[in-house]
Every structure is written in C-alpha cells, then in structure tokens.
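Hi,

Here is the model I said I'd pass on. Have a look at it first, and then read on for what turned up.

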Protein chains: 2
Amino acid sequence: MQQRILDPRLRERLMTAEQAAELIQPGMTVAMSGFTGAGYPKAVPQALAARMEQASGEGHPFRIKVLTGASTAPELDGALARVEGMELRLPYQSDPNVRERINAGTLNYIDIHLSHVAQHTWFGFFGDIDVAVIEVAGIREDGRLVPSSSVGNNKTWLDQADKVIIEVNRWQPAALDGMHDIYYGTALPPHRQPIPLTAPDDRIGEPYLKVDPAKIIAVVETDAPDRNSAFSPPDEASQQIAGHLLDFLDHEIKRGRLTDKLLPLQSGVGNIANAVLAGLSQGGYKGLAAYTEVIQDGMLELLKNGTLRMASATSFSLSPAGIEEFNANVDFYSKRILLRPQEISNHPEIIRRLGCIAMNGMIEADIYGNVNSTHIAGSRIMNGIGGSGDFTRNGYLSVFLSPSTAKGGKISGIVPMASHVDHTEHDTMVIVTEQGLADLRGLAPKQRARLIIERCAHPDYKPMLQDYFDRASRESYGKHTPHLLDEALSWHRRFVETGTMRPG
Amino acid sequence: MQQRILDPRLRERLMTAEQAAELIQPGMTVAMSGFTGAGYPKAVPQALAARMEQASGEGHPFRIKVLTGASTAPELDGALARVEGMELRLPYQSDPNVRERINAGTLNYIDIHLSHVAQHTWFGFFGDIDVAVIEVAGIREDGRLVPSSSVGNNKTWLDQADKVIIEVNRWQPAALDGMHDIYYGTALPPHRQPIPLTAPDDRIGEPYLKVDPAKIIAVVETDAPDRNSAFSPPDEASQQIAGHLLDFLDHEIKRGRLTDKLLPLQSGVGNIANAVLAGLSQGGYKGLAAYTEVIQDGMLELLKNGTLRMASATSFSLSPAGIEEFNANVDFYSKRILLRPQEISNHPEIIRRLGCIAMNGMIEADIYGNVNSTHIAGSRIMNGIGGSGDFTRNGYLSVFLSPSTAKGGKISGIVPMASHVDHTEHDTMVIVTEQGLADLRGLAPKQRARLIIERCAHPDYKPMLQDYFDRASRESYGKHTPHLLDEALSWHRRFVETGTMRPG
C-alpha cells in the first residue's frame with residue numbers, strides 16, 4: 001500500500017483518532033473540513049462524540065462550536081448531534097439529527113452565505129478557531145497537503161486555527177493530487193487586489209494546501225468512503241422542469257442574448273439539477289463550462305460526452321459508481337476538473353465577472369418572486385441558504401426551480417407571501433415549476449404576480465392564488481405590492497394546523 | 001458668458017426644449033440622467049409633460065417608459081407623473097407624485113439594485129432604449145461630453161440609446177470638468193476582465209463621456225439649478241444613533257478589527273448620515289475615505305477639516321450653501337472628489353475588495369434582523385432599495401440605522417416579522433436605533449432576537465416584542481426562527497386599520 005504521509009516530521013505525530021480527540025476540550029471552536037458530504041473527517045469526530053457521551057454520562061456536558069465548509073455526513077454532524085455535542089453550528093447543514101435539534105431550539109445554528117464564511121473568520125467575526133480537523137488525501141515530503149475530495153474552507157481553517165489535526169484518508173483517490181487550485185492571493189481590506197480569474201478554466205493558485213507544521217498536533221490515518229449519495233434518475237416532474245428551462249435557454253439563444261456555449265453553469269444538487277444537465281446533453285450543447293460548488297455523477301457524464309469541456313467546483317461528491325468511473329478514467333477527468341476554495345468558487349467578484357447562469361432549488365416563492373430557500377412555514381429550518389445567494393445576486397441569470405407542490409400536494413410551492421425570504425424580489429429573474437416558466441425580467445410586482453400564478457402555480461392552488469391577488473389588488477393598503485395582511489401567511493398557518501395548505 | 005458647446009457640429013443641433021420634446025413618441029423607452037436630485041435634465045421633461053398633457057386632452061394618451069440613474073426632481077419625475085405620462089419607471093424614485101401613482105396601482109415601478117441597472121440594460125433585459133436625455137456641463141471641441149453633477153447610468157444610456165438629446169446646463173459649475181472618472185473597460189460575459197480599482201482614490205477611466213455624434217438629434221441649453229435640498233442640522237435622535245455607532249467603531253478599533261483609518265465609508269443620505277459624519281469629525285478621525293453614492297454638504301466639511309482625505313461617489317448633491325462653498329474652493333475640492341458611473345460606485349467586486357463600511361437607513365427590522373427598506377406595511381412603496389443591497393451584501397460591515405419609532409411613536413421600527421424583506425438575516429450585521437446598538441455577528445436567530453429587543457426596541461414596544469418572542473419560542477412550529485403565524489404581521493395590520501401599531 002502506497003505511503004500517503006511522506007513528511008517524516010508529521011509521521012511522528014501519528015496517533016489514533018481517540019488520542020487525537022483527547023486534544024479537543026469543551027467549549028472550543030473547532031473548524032472542520034467537509035462540503036456536501038465530501039472530504040469531511042471520518043474518525044476524529046466519532047471518537048470525540050464517544051468522549052462527549054462518556055463525559056455527559058458522568059455529569060460533565062461537553063459541547064463545542066463546529067464550523068465547516070458546508071454539509072458533512074452522519075460520521076460528523078450526525079455523531080456530534082446525537083450526543084448533544086454542539087452548542088453552535090455554521091454555516092450550512094443537511095443532517096436530520098442536526099436539523100431536529102435546531103428546530104427543537106436546543107442547537108444554535110447560523111445560516112451564512114458560503115462565500116462569506118472565510119472572510120468573516122479572517123475578520124474575527126466568529127472569534128478564535130481553537131482547533132482545525134481537516135481531511136486530506138496525503139502529505140507531501142515538504143509538509144504540504146494534498147487536498148481531499150472537497151476544499152471548502154480548509155485553507156482558512158489551516159491558516160487561522162491555533163492547532164491542527166490532520167486525517168489522511170487513503171480511500172480518497174490518489175489521482176486527486178493536482179486537481180486543486182488553492183489561491184493564496186487573498187488579503188484583508190484595504191490590501192485586497194483583483195482576483196485574476198477570468199475563465200472557469202483558469203488556474204490562479206497552487207495544487208496544495210500549506211500549513212505551519214508546528215501547529216499540527218495530531219495526524220490520524222483513515223480508510224473510509226465519503227457519504228456517497230447514490231445517484232437516482234430524474235423523475236417526471238424534474239424532467240418537465242428541465243424541459244421548460246431548456247426551452248427558455250433556446251429562446252434566449254434565438255434572441256441573441258446567449259450563444260450556444262451559454263455562460264458558466266452553476267447548479268444546485270439533486271434530481272432537478274440532474275435533469276437539467278441531462279437535458280443539456282440531449283439538447284446537443286457542446287463545450288459548455290460549469291463554475292459551481294459541487295461536481296456530481298451527472299457532470300462526469302457530461303464531461304465524457306463533451307457537453308461540458310470542464311467543471312470548476314469546491315467539492316467532488318460522487319456515488320460509488322461515480323467514483324469507479326472516475327478512477328477508471330482518471331487521466332481524462334483530472335484534466336477537466338478543478339477544485340477551489342469555496343471563497344473562490346462562490347466569490348461575487350468572479351460570479352459576476354463570468355456571468356454565471358445560477359440554477360437553484362427553493363422551498364417556496366411568493367407571487368412577487370420573493371424566494372424562501374430555508375424555512376418551512378417561516379420557522380423550521382430545512383438546510384440553509386448555502387451558496388444560492390452568492391450565485392443568485394451576482395449571476396447573469398438567476399433561476400429557481402421547484403415542483404409546484406410538495407408532500408403529495410399538501411404544500412404549494414407558490415404562496416401569497418413567502419414565510420421567510422432568502423432571495424428578494426430584486427434578485428429573482430426566472431421561476432420554473434413542472435407547470436411552466438415565469439420570466440420576471442423587466443416586470444413590476446403586479447405583472448410578476450399575474451405571470452407566476454399563470455405559469456407556475458399548480459392547478460389545485462391557482463384559483464386560490466388568483467383570488468388572493470385579485471382581492472389584494474382591490475383592498476391592499478398600498479397597490480404596489482398588494483397584500484392582505486390577515487391572509488398573507490394563512491396558507492402556512494393552515495399547513496401547520498391541519499397538515500395541508502388546502503382549505504378544509 | 002463662456003461658451004459651453006465647443007463642437008460646431010453639435011451647435012448646429014441646438015433647438016428649444018419644446019422642439020426636442022417633439023422627438024419623443026408615445027410608447028418609447030426613454031433613459032434619462034439624474035441621481036439623487038443632481039444632474040437630471042431640467043427642460044425637455046417639462047416640455048414633454050406639456051406635450052403629453054395636450055395629447056391627453058385631445059384623447060390621445062401619451063405615456064413612456066422612464067429609466068434614470070436614481071431619484072430625480074419635480075421637473076422630471078413630478079412633471080411626468082402629474083400628466084400620467086409614465087407607464088413604467090425604474091430603478092429608483094423618491095417623488096411624491098410618482099409614489100402616489102405607484103401605490104394607487106396606476107404606474108408600474110421596478111425597484112432594482114443600482115449596480116444592476118447598467119448591466120441589465122446591456123444584457124437586453126429591459127428591451128431597446130429609444131432615446132436618451134442627458135444633462136451635461138459642457139461639450140468639448142471633439143464632441144466628448146463634460147459630465148454634470150451626477151454620472152449615474154449616463155455612459156450606458158449614451159452607448160445604448162438609438163437617439164440622444166443633450167441638455168447643456170450652464171448653471172453647473174465649470175469646475176466639474178476633470179472631476180469625473182468614466183470607466184470604459186466594461187464588457188459582457190464571457191469577456192469581462194477584473195476592474196483595476198484597488199483604492200477609492202484610483203482613477204481607472206477618463207474625465208469625459210463619449211457618444212457617437214451621429215446619434216445626437218437635439219442639443220438644448222439650460223441654466224437651472226439642481227434640486228438642492230437644504231441641509232438640516234441633525235436632530236437629537238440622529239445624534240444618539242450616531243453616538244452608538246461611533247462607540248461601536250471605537251470598540252472595533254480597540255479590538256484590533258479596524259484601524260483608526262477605518263475602511264471606506266458608504267453612507268445613505270439624510271439626517272442620520274449627517275450626524276454620523278459630524279460625529280466622525282468630532283471624534284478626531286483623520287484621513288478617512290468615502291466610497292459611496294452621493295456627496296452631500298456634510299462631506300465637504302469633512303474634506304475641509306481633513307476627516308476625509310477624499311470621497312468617491314456617483315452624484316454630487318449639494319444645497320445652495322454647499323454649491324457656494326464648492327465654487328469658492330474649487331481647487332481644493334476638485335482634487336479630493338471623484339465621480340464615477342453608478343455601475344462602478346456600486347459594483348460588488350469593488351465594494352467587497354475595498355471592504356466598505358455600509359451604513360444605510362431602513363423602514364423596519366424584525367427581531368431576527370431581516371430588514372425592510374422599501375415598503376410600508378408590506379404593500380406601499382416608499383422609495384426603493386437603491387444601492388443599499390449592493391453595499392450591504394458586499395461590505396466589510398453592514399449597518400442599518402433608524403429611529404426606533406416613526407410617526408410620533410405610532411410605528412415601531414422593530415417588529416415581530418418584517419412586512420417586506422430587502423436585506424435578509426444573512427446580510428445584516430449591525431442594527432442601531434437611538435435606544436442602542438445590536439451587533440448580530442456570530443449570533444444565531446434567537447440570540448439576535450434577544451439582543452435586538454433589548455438594545456434597539458423603543459420602551460413602548462419592548463414588552464410587546466418580548467412577549468411575542470417568548471410565546472413564539474414556546475409555541476412556534478419550528479424553534480429555529482420562532483414565529484406565530486397569526487400574529488407575525490398583526491402589528492402592521494393594526495397600523496393599517498387604526499393608524500397605530502399600539503394596541504387599542
């Protein structure tokens with residue numbers, strides 16, 4: 001088996017996960033690697049959870065503050081949540097155990113634009129980082145680190161933490177070596193310079209992470225897979241949503257607003273995103289680029305058949321089949337994929353310069369185009385805003401895609417008033433459901449409402465929305481954005497009380 | 001009197017405002033100069049309004065779509081609104097006649113981030129621009145234009161309009177010549193390059209606007225002052241708000257997060273902004289810089305006494321006394337003031353690079369830090385989002401300042417749920433009222449609520465807010481962002497129904 005720890009100084013700090021976990025104390029702020037179930041530490045968090053459980057059983061609550069890149073996996077978020085081991089979590093999560101505690105009111109969670117996390121750490125807004133726990137794919141002779149399947153905030157955690165624990169995961173493909181582009185040109189204001197990236201393909205940094213070896217207090221070896229969500233083929237609604245979006249892109253090309261190379265694609269993860277990608281491939285597009293957060297199985301296929309010429313991201317989150325495909329064709333893929341720190345993958349400066357086409361899911365949109373990405377019924381967190389704000393505000397186009405209903409029709413994705421707003425009316429250009437697409441560009445609020453109701457609402461809810469809008473247009477206090485304040489949130493109230501937004 | 005039109009070709013196109021107004025036809029999209037009551041055309045819009053009134057009297061409604069930089073003045077917005085001459089207005093307004101029609105539902109208004117307007121025009125999102133009507137301070141021998149007291153979107157309007165009408169206003173100080181920095185390095189994606197501005201002082205463009213002389217269909221001479229709002233000394237509440245903010249800045253310096261040079265200041269206009277500026281001067285700050293939208297009287301004083309070493313903006317909006325001061329010390333001020341296109345003054349890339357301290361007013365904030373900048377009771381537009389989103393999302397610090405009550409105490413500036421959201425919980429760092437300051441950085445929603453209620457709410461409303469929050473924390477569907485859906489907007493409903501948010 002190939003040695004992954006080539007720096008002899010760091011081989012001396014090898015220890016077990018249990019020993020490493022002993023170096024973390026209650027109340028500490030601990031920054032960990034991990035982005036969308038890729039590249040998170042696999043062993044130390046579980047050992048730490050065991051320690052926490054024991055301490056707690058002995059009457060000594062043991063909780064820490066946990067910062068990551070984005071979502072992780074059961075071995076990190078799940079393990080720490082189950083033993084009530086976190087007092088604060090940021091900047092994003094998607095774990096059922098974490099979510100349950102946040103919504104029970106027992107775990108503080110800060111939901112942050114992913115591009116803001118690194119700079120707010122540097123600014124000192126989150127206080128000191130006591131320990132970083134970072135998974136890497138290897139350690140070179142000179143102590144530089146071969147990043148793992150995600151970069152996330154690792155550069156910042158390694159720079160800013162007082163102490164560092166490294167997990168070296170030999171399960172990660174050796175071929176990751178060279179696929180990363182770590183930009184070390186950042187600075188604090190007033191010393192910032194332009195970021196010299198003008199195309200998704202540009203390399204502006206170096207392939208390795210740097211860390212002061214004196215800060216490394218432990219090195220732990222692991223051999224464990226990433227979360228590996230399996231890839232499921234798009235369902236019918238997703239294919240319809242993708243179809244509407246592809247028709248729209250064709251129309252934009254015909255009008256001369258886009259070329260057939262489009263502009264760099266950003267896409268959220270999941271069924272609808274996969275359907276859009278598959279549709280681009282079937283639609284005959286060639287030579288596109290992705291400037292996005294996560295590379296999933298669907299993108300490998302598009303790279304292989306030439307739909308995509310390259311993809312830039314911060315996380316490489318594949319299914320077991322995807323990993324197999326990658327390992328079997330390493331030379332091909334490693335030339336076409338770049339992984340960057342999330343402060344660069346999500347940087348407003350770059351997203352606006354490149355003119356990304358931002359495509360993200362949502363929980364609900366209201367008839368004026370305000371979008372809720374995070375809260376069920378205004379109070380219950382789902383996951384978080386993630387990078388959707390970074391791309392939506394700064395992209396060339398901002399598109400939100402969602403089925404028109406959820407929970408078997410009990411929830412409408414189009415509501416009179418969003419119960420929480422993550423993306424404002426000023427930021428939303430296009431809304432797509434399986435019913436159709438509403439192009440909101442150049443429209444005033446009432447024009448938007450008519451179009452969203454007509455094109456995007458489910459037939460079961462359309463008459464109710466039209467009725468609300470008609471009455472609001474007559475009776476509202478102001479008629480710029482008509483609302484009936486006693487009814488605006490009544491659909492959500494009905495859902496909370498009866499389990500459905502449909503009237504009884 | 002000095003000749004302001006030096007290009008003989010353009011002197012041949014001199015005509016009256018009435019003749020020029022004849023060149024504008026019903027249904028046209030007309031882009032005009034003007035930003036915060038400075039640099040808007042003074043004569044053609046009034047002549048056009050007279051034409052519209054006549055046409056309308058003869059049974060021929062005459063309406064156009066009007067795009068500007070930001071707010072204008074009675075001679076433009078007021079005149080066109082009074083004759084029902086606009087079918088669409090964007091991207092910002094503050095005129096009582098315009099506001100009345102928007103809120104009556106008879107005038108479509110699109111409220112847009114000011115940094116987005118130029119690029120969305122280039123992208124084709126607003127359709128073709130038929131005519132531009134642009135005020136300038138003069139025309140040079142070679143046909144280049146000396147910009148007026150605001151730049152706004154003029155570069156874009158001159159480039160994108162099919163035809164151009166120029167108003168040459170000899171009232172504008174001749175000394176404006178040379179104070180502008182018009183950047184011609186913009187491009188459409190995928191051809192964009194980094195904007196080479198790394199300090200507020202940097203000149204990256206040229207002092208003059210360019211236009212194809214063949215497009216100029218009329219030149220009109222005027223001699224009329226800008227709107228010239230008088231400067232009123234800060235009231236007590238504004239001084240208290242400023243005091244809290246200055247204490248906070250001192251604290252940030254002591255903690256080492258800021259130096260005594262701070263970072264480039266952006267500040268909204270009005271009483272509170274003036275009080276903050278005055279406070280910086282009294283606080284002994286020296287050599288600061290402003291990177292903002294509007295230069296008002298208060299900034300001249302700060303330039304004069306060395307508090308500010310320079311100021312960059314897109315509009316120069318002075319009172320009559322301010323104009324007098326400027327004209328009496330032209331050599332001093334013209335070296336220290338730069339006026340840029342609003343796509344540069346408000347550019348996310350630049351604002352994030354410079355790390356601006358963003359200070360803006362608001363209508364209301366909710367207990368979780370969501371901010372409403374635009375709508376009274378969720379439906380009635382006040383002005384618009386303006387540049388507040390550009391600076392808030394991208395600045396080093398985002399601060400919202402407001403008295404804790406309005407309308408003699410009948411409206412609370414802190415409410416259970418914002419009735420409209422322009423700045424989300426993800427974007428708001430600091431909220432200040434005359435009661436105190438809430439620093440929300442690094443806090444989860446419930447922690448924010450406790451702090452905002454404690455520090456910022458008016459004593460008359462504090463117990464009601466605390467009661468709402470306590471009950472919501474027990475009874476809410478989710479306890480991440482606790483809300484009672486049947487009460488969340490009840491304060492606004494009460495205000496609409498009874499004229500006050502206080503319970504009867």
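Between domain 1 of chain A and domain 2 of chain A there are three salt bridges, a salt bridge being a side-chain nitrogen of Lys or Arg within 4 Å of a carboxyl oxygen of Asp or Glu. Elsewhere in the list of salt bridges you'll find Lys155(A) with Glu343(A), at 3.5 Å from N to O. Before going further, some housekeeping: this is a predicted model, with local features needing pLDDT of at least 70, side-chain atom pairs counting only at pLDDT 80 or more, and totals for chains, interfaces and linings using all residues. Residues are numbered from 1 along each chain as its sequence is written, chains are lettered from A and ligands numbered from 1 in the order in which they are written, and side-chain values use heavy atoms, with hydrogens and water left out.

Back to the two domains. The assignment for chain A puts domain 1 at 8–222 and domain 2 at 236–498; such bounds come from an automatic or database domain assignment. Their C-alpha centres are 29 Å apart. In terms of contacts (heavy atoms within 4.5 Å), 45 residues of domain 1 of chain A touch 45 residues of domain 2 of chain A. Together the two domains bury about 3600 Å², with 60% of that from carbon and sulfur atoms; buried area here is the accessible area (1.4 Å probe) that two parts lose on being put together, summed over both. On the domain 1 side, Met179(A), Ile195(A) and Pro200(A) supply 20% of the area buried against domain 2, more than any other three residues.

Now for the two chains. 82 residues of chain B contact 82 residues of chain A, and the pair buries about 7100 Å², 57% of it on carbon and sulfur atoms. Within chain B, the residues losing the most area to chain A are Arg352(B), Arg393(B) and Tyr477(B), together 13% of what that side buries. Two salt bridges link chain B and chain A. Arg353(A) and Glu349(B) also meet through their side chains in a salt bridge, at 3.2 Å from N to O.

Last, the rings. Over all chains, the search finds 16 aromatic pairs, where rings of Phe, Tyr and Trp (its six-membered ring) pair if their centres lie within 6.5 Å, and planes under 30 degrees apart count as stacked, over 60 as edge-to-face and the rest as tilted. Phe332(A) and Tyr333(A) have ring centres 5.3 Å apart and planes at 85 degrees, so they pair edge-to-face.

Lys42(A) has its charged end over the ring of Tyr40(A), 4.0 Å from the centre. In chain B, Lys210(B) lies over the face of Tyr184(B), 4.2 Å from the ring centre.

Cheers

How values were computed: A charge sits over a ring if NZ of Lys or CZ of Arg is within 6 Å of the ring centre and within 35 degrees of the ring normal.
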